[in-house]
Amino acid sequence: HSMIGNLACTLGRQTGAVAPRIIQMRRFLHGTHFRVSSSVEEALTDGRPIVALESTIITHGMPYPQNLSMAREVEEIVRTNGSVPATVGILNGRIHIGLNDEELQFLAKSKNLVKVSRRDLPYVLSQGLSGGTTVSGTMIVAHKAGIPVFVTGGIGGVHREGEKTMDVSADLTELGRTAVAVISAGVKSILDIGRTLEYLETQGVCVAAFGDSREFPAFFSRQSGFQAPCQVQNEEEAAKLIASTLALGLGSGVLIAVPCPKEDAASGQIIEDAIQEALSNARSKGITGKELTPFMLQKVNELTSGKSLGSNIALIQNNARVGSRIAVALSKIQT
Ligand code: PSU
Ligand code: MN
């Protein structure tokens, strides 16, 4: 349990020692490494539902200005559905939990920001750099702040030919070691979905398909050809699953895979062809490592003349709606 997690849990219950605890929490939240926005801090103190949001989708996943409008809309959807949004990002070496519009604009417009996963955090902080946090980076921060629900578009996974390159996203190991629930549209079909599910099993991650199908969704498309090991029918069932994970103290995360809405799912074959072309492009250009995911997203978008970006935005919005409702249901179980 993180310090804030513990503090946030006990704040509402203990009467005697409340004042020193709040002071201690404030000191942590406003220290050299962290800054928590006032709306997130108030929600933490009151025990209201919060949804963490990542920022690599803003800094590396989408072009400007769609990245900025997406970030604003997603926060609004989280609010409309009952939770407080906490977008996580790093500004000048300081982790921000909850961003104002000026800060969102900075991340959306700046060039050469760092894509920050677990391994990058110490360097970015010590050098005073700015960047967008990936699923792995955001999970760490959300956990430290005591926020158990986190919404994104899609997570990283085992890359195609990952058995040779060993390019396996740190998102998968993070899910194995950090107790945060990630609400996503599954795994992009630019990845090796079968091996990604195998790796999640090895890491002990509880993976559940959301809704009336057990099929594990493939980001832009509702079908992947793979079944998820678990299925939750609705937000209440998802919240119960998360509550059980937390109650067991497993220390690992949960992956809730929400299929892209039918009307927004870009037709499978068009995207599949674009992925093949983008992959051979990446290979001939020698693009590897952390540059590969942003390159593939940008290339597939170009090759589908913006269709994939449109679906990408729609599915994140859908995840934000579902995730916010899950956070509301979870906070009802926990109180
Ligand atoms: N999926 C998207 N857009 C993104 C990402 C995933 O549609 O921007 C980002 C997420 O932040 C994810 C990261 O955590 O890519 C994974 O990168 P890598 O494959 O290098 O681990
Ligand atoms: Mn990688």
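View 1. The residues that line the second largest pocket divide into eleven nonpolar, 15 polar and eight charged, where Ala, Val, Leu, Ile, Met, Phe, Trp, Tyr, Cys and Pro count as nonpolar, Asp, Glu, Lys and Arg as charged, and the others, Gly among them, as polar. This is a predicted model, in which local features need pLDDT of at least 70 and side-chain atom pairs count only at pLDDT 80 or more, while totals for chains, interfaces and linings use all residues. Residues are numbered from 1 along each chain as its sequence is written, chains are lettered from A and ligands numbered from 1 in the order in which they are written, and side-chain values use heavy atoms, with hydrogens and water left out. The lining comprises 34 residues, of which K115, T134, S169, D171 and T293 lie nearest the centre of the pocket. On a 1 Å grid over the protein atoms alone, a pocket is an open set of points with protein on both sides within 12 Å along at least five of seven lines, a cavity is a set where a 1.4 Å probe fits but cannot get out, and lining residues have an atom within 4 Å of a point.

**View 2. Ligand 1 sits in the second largest pocket.** Sitting there requires that more than half of the ligand's atoms lie within 2 Å of the pocket's grid points. Of the 18 residues around ligand 1, E54, K115, S169, D171 and T293 come nearest, a residue being near if one of its heavy atoms lies within 4 Å. The largest share of this shell, three residues, comes from α4, helices being DSSP runs (H or I, at least four residues) numbered from the N terminus.

**View 3. Side chains of E54 and S169 approach oxygen atoms of ligand 1.** A polar side-chain atom of E54 lies 2.7 Å from an oxygen atom of the ligand, and an N or O atom in the side chain of S169 is likewise 2.7 Å from an oxygen atom of ligand 1.

**View 4. The structure holds one cavity of 30 Å³ or more.** About 60 Å³ of space lies in the largest cavity, a volume being the space filled by probe spheres set on grid points that are joined across faces, edges and corners. Its lining, which includes E54, I57 and I58, has eight nonpolar, one polar and one charged residues, and α5 gives the most to that lining, with three residues.

How values were computed: A polar contact is a pair of N or O atoms within 3.5 Å; within protein, one must be able to donate a hydrogen and the other to accept it, and residues adjacent in sequence count only if both atoms are side-chain atoms. Helices (H or I, at least four residues) and strands (E, at least two) are DSSP runs, numbered from the N terminus.
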